[in-house]
Amino acid sequence: MQEFEPKIVAFVCNWCTYAGADLTGTSRIKYSANVKIIRFPCTGRIDFMILMKAFENGADGIIVSGCHPNDCHYSTGNFHARRRWIVFRNLLNFTGIDTERIQFSWVSAAEGFKWAEVVNNTVKKIKEIGPYENYKKIAVSTLFNEEGASNE
Amino acid sequence: MKVGFYPGCSMKGGAREYQESVSALAKVFDIELVEIPDWNCCGATAAHNLNKELSLSLPARIMALAEREGISDIVVPCAACYNRLSIVKHELEADKSLSKRVASIIDLKYEGTTQILNIIQFIDKYITDRLEEKVVKPFDYKTACYYGCLLVRPHSILKFDRVEDPQSMDVLVKKAGGDAIDWAYKTECCGAGMSVSRTDTVARLSGNIMKDAVDRAAEVVVVACPMCHSNLDMRRPEINKFLNEKIDIPILYISQVLGLAVGLDAKTLGLNRHMTEVNLPVKPAMEVPVASEPKKVVNTQKLEA
Amino acid sequence: MSRIGVFVCHCGENISATVNCEKVAKITGELKGVEFSTDYKYMCSDPGQTLLKEAIKEHKLDGVVVAACSPRMHEPTFRKACAEAGLNPFLCEMSNIREHCSWVHPKDDLTTEKAGDLVRVMVEKVKKNKALNSIKVPVTKTALVIGGGIAGIQAALDIANCGHKVIMVEKQPSIGGHMSQLSETFPTLDCSQCILTPRMVEVAQHPNITLHTYSEVEVVDGFIGNFKVKIRKKSKSLDEHLCTGCGLCTTKCPQKKIPNEFERGLGFRPAIYVPFPQAVPNKPVIDRENCTYYIKGKCKVCEIVCPTKAIRFDQEDEILDVEVGAIVLATGFDVLKPDFFPEYGYGKYKDVIDGLQFERLASASGPTQGEIRRPSDGKEPKKIVFVACAGSRDPAKGIEYCSKICCMYTAKHAMLYKHKVHDGTPYVFYMDIRAGGKMYEEFVRRTIVEDGTHYVRGRVSTIYEKNGKLIVRGADTLMGGIPIEIEADMVVLATAGVANKGAEELAQTAHVSYDAYKFFAEAHPKLKPVETNTAGIFLAGACQAPKDIPESVAAASGAAVKVAALFSNDELTRDPLVALVNRQPAPVFSSCVGCFLCQSVCPYQAIEREEIKNRNGEVIKTLARVNEGLCQGCGTCVALCRTKAIDIHGYSNQQVYTEIMALLNE
């Protein structure tokens with residue numbers, strides 16, 4: 001059997017973690033190819049729906065990463081992200097999604113090494129947890145499509 | 001209060017007075033020391049030079065036995081044992097698979113939940129708060145606190161005191177009414193296990209330590225390790241020969257110093273067991289009775305009740 | 001139907017070594033809406049850009065994806081190229097297949113597959129991109145320089161000489177910084193004061209420079225070209241206009257035993273004081289913590305003796321609001337505190353001093369008038385030990401970096417010592433001698449060969465006092481690591497240079513990044529050494545990392561040029577990646593319900609209230625509106641909006657969802 005290769009999406013801010021991941025590259029530090037980065041201006045921009053959209057579309061894990069507290073390029077965006085995450089965690093638990101599937105971290109523009117670590121640890125963790133199969137059940141579009149098909 | 005107690009080999013042999021004084025001191029402060037049942041050797045220097053797994057398993061077994069007894073804190077008066085136990089705890093914490101492997105070797109459940117305390121940490125956690133009120137005979141001597149090598153190193157694992165120029169024992173001596181002097185050889189090597197095979201080396205290394213203490217007018221050297229004690233105390237003839245001097249100041253354990261300060265007698269503390277005779281000069285200030293005030297407090301409390 | 005062009009860059013071999021670029025171009029060329037796809041060795045080169053421009057024209061492309069390095073590197077390059085070919089620059093996106101793919105993964109199919117995925121994501125995103133026009137904002141042509149050391153002085157003078165206004169803020173009562181404390185400077189042994197003080201005076205007299213000493217920056221708001229800054233001018237208890245700087249008050253002050261900061265505690269000063277004789281401005285301040293009047297409520301000797309009646313005991317701190325277009329941070333460095341070295345007895349033994357204290361001893365204007373005398377008893381030390389790398393290059397203690405300046409100043413100290421104490425013996429304990437720089441190595445050689453300094457390669461383990469001597473115990477690793485002991489009369493520690501006190505707070509106030517050691521972080525270690533990640537804020541000198549004088553001056557001039565370049569335009573064009581509130585036909589007007597949650601989270605006060613009125617002038621709905629000039633595009637408001645009425649260009653909900661779907665569904 002082929003080894004499970006999780007699909008992991010990383011939502012990162014442009015100023016710290018995106019730059020940090022650039023530094024990982026510049027420093028030629030290797031990490032798992034499972035993680036793909038989507039750039040945001042700030043972690044403050046990343047709302048619940050974005051994370052849910054990723055799960056809905058079959059992500060096995062998510063990384064959200066931005067500037068360290070107090071270091072936000074926009075002063076306070078990461079604090080909003082952190083608060084939102086505390087609330088969102090409960091909601092995730094309620095919906096039955098393992099909160100372990102989301103890795104929340106701070107990686108600064110100077111922490112190329114840490115970014116590789118975050119990625120590798122997350123990939124390892126998600127491999128242990130296994131694929132996220134339930135997404136099909138929460139995928140509204142899928143439900144509609146099936147119903148639409150049967151109605152016709 | 002119940003605290004686990006790991007004596008190690010020295011407490012049962014060459015350093016009996018260390019155990020005696022620790023037990024007596026604990027008793028004064030209503031602390032029950034529970035000796036870990038069926039304890040074994042910590043492995044000392046030999047094990048980790050010969051066999052990695054053995055050096056991990058021996059201390060792990062001790063900690064596992066303590067866990068089984070529901071002991072959360074273990075006081076380990078010997079600095080070498082303290083060092084071994086702490087390092088093993090650290091290594092097993094960092095590597096869970098190694099921890100599993102060791103648990104299978106010792107055939108006991110090992111969680112790593114016990115806290116390893118050296119003698120100073122033990123005193124700080126359970127005694128220091130109440131120490132000053134119990135001091136009846138201030139230990140009014142110029143005291144050189146000698147920490148040795150194993151108590152504070154490696155700092156990254158033990159995280160105890162400053163590696164260079166440690167202060168914790170000095171603070172205790174001051175609280176016991178002593179004058180902890182500033183000196184240069186606090187953490188120099190005493191020669192340790194070379195005591196038997198290369199007595200000349202020990203005489204030189206320990207000699208330098210004693211010389212600096214005496215040069216700075218120390219009247220007593222205080223230690224927290226049986227190995228240091230035996231080198232500075234038992235090897236005194238060789239030291240004196242090396243220095244071509246006659247140094248006769250005694251070497252006391254920190255537990256003995258505190259014991260004397262809270263009024264325990266010399267015999268209970270095992271002072272008679274030292275090779276270098278303990279002849280501390282009696283100072284006039286020490287004769288002042290300090291017992292009257294606490295009594296008054298008791299009386300008023302009764303009246304109020 | 002879109003007509004998108006995909007351009008895959010090999011970056012020489014940087015990408016193509018692990019990613020099959022032709023394959024990436026081929027598979028992405030088959031995506032829906034992709035009209036043209038190709039791969040090329042260097043997309044950023046002239047021919048590469050020409051290729052891009054011609055493809056846009058030839059294939060009438062309405063979107064471009066360049067798969068190459070990080071957009072943080074070349075996004076402006078390719079957007080500019082698109083604009084030149086007539087395509088709106090915001091219809092160009094980059095896929096980062098170098099830093100985020102080829103450099104971090106091995107050569108295999110997975111890596112190529114990932115590169116393909118990353119390109120596909122951007123292709124889908126570009127389909128949702130909108131043509132946008134840059135926003136123009138005015139530039140306030142005044143610069144703020146924070147810190148009045150040599151770096152700040154150089155930056156301020158350079159900017160002022162370009163004809164722009166400069167506001168300089170210095171925390172201490174005088175400008176001059178650490179350089180004013182130095183005796184002589186390597187490698188030429190110029191007298192530090194002699195070369196510095198003319199510059200200090202020039203700052204004070206320059207018509208374009210406004211100097212605020214004894215002041216600190218408290219708030220930095222706004223953005224490039226338009227910063228709003230609050231400066232606290234601490235009370236000097238003095239009317240500066242009346243004070244003539246005669247100095248009578250400082251000689252009559254009865255409180256004389258306050259350790260002098262400028263002399264690093266080796267001398268004393270009164271409570272009303274001028275830090276040093278050549279201070280600029282040469283007017284005193286009252287140190288309220290040590291002034292008898294402020295402690296006990298009476299004294300006022302200074303007020304009585306002042307011939308111009310300039311003393312103001314009830315003067316309060318003043319808050320200045322200034323508007324500036326650019327900021328230069330030049331706050332310098334500090335050295336380690338005594339408690340960092342218990343083993344060296346620094347702080348415990350009077351004759352164990354740090355390098356800056358030695359500078360004061362060697363300085364002709366110092367507490368000993370330039371004679372080398374040890375602090376404990378004033379005797380001339382006949383044997384002196386210099387300990388290099390005191391704290392530096394020591395991972396166990398947390399300072400892993402090389403402080404860079406110590407090798408040179410230690411050599412200078414040994415040389416100065418020999419020049420002043422001819423029969424003295426200097427020892428230097430060192431790890432390596434790092435003397436890279438013009439005439440630097442030669443200088444160290446001179447110290448060793450001509451001045452007979454004993455260089456001992458090894459570290460000092462401990463220093464203790466015995467019989468009035470300092471016993472320095474160390475090892476000589478070139479003699480097989482043998483332990484050696486030197487009975488010294490004085491020890492000088494070349495203590496590590498560390499970030500200045502308050503650096504972290506200032507970085508947070510100004511919103512610039514800083515590293516793990518609290519030094520300010522440059523935007524790029526090689527190509528943007530004086531810029532920060534925050535547009536409009538620049539770095540000069542040792543606030544960035546330990547630097548010597550020539551380096552600090554060079555960096556300061558570099559920062560000044562950046563400021564001057566910024567001020568060369570009357571308007572600044574800014575990326576239009578800002579938030580906007582949607583508008584719909586009446587009677588809905590917008591899905592905004594006017595809850596103004598967005599207003600409460602906006603860090604820039606960019607959300608305004610807009611009232612919709614009917615024909616009778618009655619307000620029928622209140623909506624949020626984004627001020628484009630103030631919005632910085634963080635998007636926090638977008639995440640919070642309950643009705644999704646507010647969105648952000650460049651990272652819109654539609655774009656982001658499209659990206660996620662494209663990434664996860666092949």
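Two residues are in contact if their C-beta atoms, placed from the backbone, lie within 7 Å. Keep that cut-off in hand for this tour of a predicted model.

**Stop 1: the chain contacts**

Select chains B and C. Their contact takes 4 residues from chain B and 6 residues from chain C. Colour the chain B side by class: 1 residue is nonpolar, none is polar and 3 are charged.

Now show chains A and B together. No contact joins this pair, and the closest C-alpha atoms of chains A and B lie 15 Å apart. Which chains share the most contacts? Of the 2 pairs of chains in contact, that is chains A and C.

**Stop 2: chain A**

Switch to cartoon and count 6 helices and 4 strands. Walk from the N terminus: the elements run β-α-β-α-β-α-β-α-α-α. Chain A has 152 residues, of which 53% count as buried.

**Stop 3**

Keep chain A and bring back chain C. Two packed helices are described by the angle between their axes and the distance between the axes.

Show side chains next. On helix 2 of chain A, pick A:Ile50, A:Lys53 and A:Ala54. They meet C:Val656, C:Tyr657, C:Ile660 and C:Leu664 on helix 18 of chain C. By class, this helix contact has 6 nonpolar residues, no polar ones and 1 charged residue.

**Stop 4: an enclosed strand in chain C**

Select strand 3 of chain C, residues 63-68. Is this strand enclosed or open? 6 of its 6 residues are buried, so strand 3 is largely enclosed by the rest of the structure. Check both faces. C:Gly63, C:Val65 and C:Ala67 are buried on one side, and C:Val64, C:Val66 and C:Ala68 are buried on the other.

Strand 1 of chain C, residues 4-9, runs parallel to strand 3 and is joined to it by 5 bridges. Strand 4 of chain C, residues 92-96, also pairs with strand 3 in the parallel sense, over 5 bridges. Centre on C:Val64. This residue is the bridge partner of C:Gly5, and C:Val64 also stands opposite C:Cys92 in strand 4.

**Stop 5: a loop residue**

Move to C:Leu242. It sits in the loop between strand 12 (226-233) and helix 8 (248-252) of chain C. With 14 other C-beta atoms within 10 Å, C:Leu242 is partly exposed. Which residues does C:Leu242 touch, not counting those up to four places away in sequence? Select C:Thr308, C:Lys309 and C:Ala310. Draw a distance from C:Leu242 to C:Lys309. The two are 67 residues apart in sequence, and 7.4 Å apart in space, C-alpha to C-alpha.

**Stop 6: a hairpin in chain C**

Finish at strand 32, residues 607-613, and strand 33, residues 619-626, of chain C. The two pair in the antiparallel sense over 7 bridges. C:Ile607 stands opposite C:Val626 in strand 33. The hairpin has 5 residues between the strands, and C:Gly617 takes a positive phi near 80°.

Notes. Residues are numbered from 1 along each chain as its sequence is written. Chains are lettered from A and ligands numbered from 1 in the order in which they are written. This is a predicted model: local features need pLDDT of at least 70, side-chain atom pairs count only at pLDDT 80 or more; totals for chains, interfaces and linings use all residues. A residue is buried if 20 or more other C-beta atoms lie within 10 Å of its own, exposed if 12 or fewer, and partly exposed in between; C-beta atoms are placed from the backbone. Ala, Val, Leu, Ile, Met, Phe, Trp, Tyr, Cys and Pro count as nonpolar, Asp, Glu, Lys and Arg as charged, and the others, Gly among them, as polar. Two strands pair if DSSP finds at least two bridges between them.
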